[in-house]
Amino acid sequence: TGVIHLLLERKSGDGLKWWAGQMSGWGAGLKNIGIGEVGDTALALASRPGLVAVCGSTPVETNDERDALVVLLRDGQAPDVRALDYNPSAAKQHEFGDTARDCTFSENTLVIVGETNGRHAGDDDKRDRLMLIEVDTAAETDQKWTVAGPGPGLQSRANAVAIDDKGQYHMAGYTCLDVCAPDGEVRVYAPGGELVSQIPLGPLGSAWFGPHDIAWSPAGYAVVALGAKQGQSLVFKVQAWAPNVFVPQWTFLPIDQQGPQRALAVAVGPFGEVYAGGISEGNHPVFVVIGG
């Protein structure tokens, strides 16, 4: 449609607030479509015709301290604000802190990923576990939670999600032990929460490397944006991973590896061309086009 949506953080008189805007086309004026509350954190934006979702977390006064936050912005309507709280049982309400790190639409379902932190079954300590929330945007309370168990690490997180041509959810994230030196991974879940693929990306060493973004390609694989340690260099990296295939379809690394560098965002065009952006040496922006 040519419409561009933006999500950013703005300083106001009473503190920092998220702000969502809309441009009718490149270079057009900005239209305000939503603004958050002080204390709320907005980490992702998803859109479909007539509906924009802002996803993140909001502070709460119960023991869990934070709930996942979704704000649905519909044309001509008041914001639909929903705080989502993981309650695995009646005896464990308000004991898990939840953060939504990315979200995307699959028809009427808003697919949300991130992590929930608390004492999960069998845990003595509070730990992060990857979470998937499927929200029916046409219903006020209809939501389904899937929270990962341990394996291969004690903790896990999803940083980004993309939908494939079968409607499955591809998540870029990591697992780690209690002292968290992340091992990257790509997981695939079917709608409803069944795990169908889990591919290790290898040790990352630091959450600084991500993985930061994921996009589905019509070539039949997911493309992941991350950073990597290459010898003594910290480099911009993009890889393609197919479900249940334990070697990458391809890997892109820049020729100039003066760093530090990171790939932070990725998108795929209709013919499989890959667009990736991030930072290079000196925090300068970098943009790469990889042929499909």
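Visitor: How much space lies in the largest pocket?

Guide: This is a predicted model. In it, about 1,200 Å³ of space lies in the largest pocket. Of 36 lining residues, the closest to the centre are Leu-45, Asp-102, Asp-213, Ala-265 and Val-266.

Visitor: Which strands each supply at least two residues of that lining?

Guide: Look for β1 (4–12), β4 (41–48), β8 (97–106), β12 (155–163), β16 (213–217) and β20 (262–268). The largest share comes from β12, with 6 residues.

Visitor: How does the lining divide by class?

Guide: Count the nonpolar, polar and charged residues in turn. The lining of the largest pocket has 26 nonpolar residues, 6 polar and 4 charged.

Visitor: Now the second largest pocket. Which residues are the closest to its centre?

Guide: Its space is about 360 Å³. The lining has 19 residues, and His-5, Gln-22, Gly-50, Val-52 and Asp-75 are the closest to the centre. Strands β3 (30–35), β4, β5 (51–59) and β6 (66–74) each supply at least two lining residues. By class, the lining of the second largest pocket divides into 8 nonpolar, 7 polar and 4 charged residues.

Visitor: How many residues are in the largest nonpolar core?

Guide: That core has 20 residues. Begin with those that have the most contacts inside it: Cys-55, Val-70, Leu-84, Cys-103, Leu-110, Ile-112 and Ile-133. Then trace the strands. β4, β5, β6, β8, β9 (109–118) and β10 (127–136) each supply at least two residues of this core.

Visitor: What is Ile-112 in contact with, leaving aside neighbours within four places in sequence?

Guide: Ile-112 is in contact with Val-70, Leu-84, Ala-100, Asp-102, Cys-103, Met-131, Leu-132, Ile-133 and Val-135. One of these, Asp-102, is also among the residues closest to the centre of the largest pocket.

Visitor: Which backbone oxygen lies 3.0 Å from a polar atom of the Asn-159 side chain?

Guide: That of Pro-211. Leaving aside neighbours within four places in sequence, Asn-159 is in contact with Arg-101, Asp-102, Ala-172, Gly-173, Tyr-174, Gly-210 and Pro-211.

Key:
Residues numbered from 1 in each chain as written. Predicted model: local features only at pLDDT ≥ 70, side-chain atom pairs only at ≥ 80, totals over all residues. Heavy atoms only, no water. 1 Å grid on protein atoms, 1.4 Å probe; cavity = no way out; pocket = protein on both sides within 12 Å on 5 of 7 lines; lining within 4 Å. Points joined across faces, edges and corners; volume = space filled by probe spheres on them. Helix = DSSP H or I, 4+ residues; strand = E, 2+ residues; numbered from the N terminus. Nonpolar A, V, L, I, M, F, W, Y, C, P; charged D, E, K, R; others polar. Core = buried A, V, L, I, M, F, W, Y, C linked by side-chain atoms within 4.5 Å. Buried < 20%, exposed > 50% of the residue type's maximum accessible area, 1.4 Å probe, protein only. Contact = heavy atoms within 4.5 Å. Polar contact = N/O pair within 3.5 Å; in protein donor to acceptor, adjacent residues only side chain to side chain.
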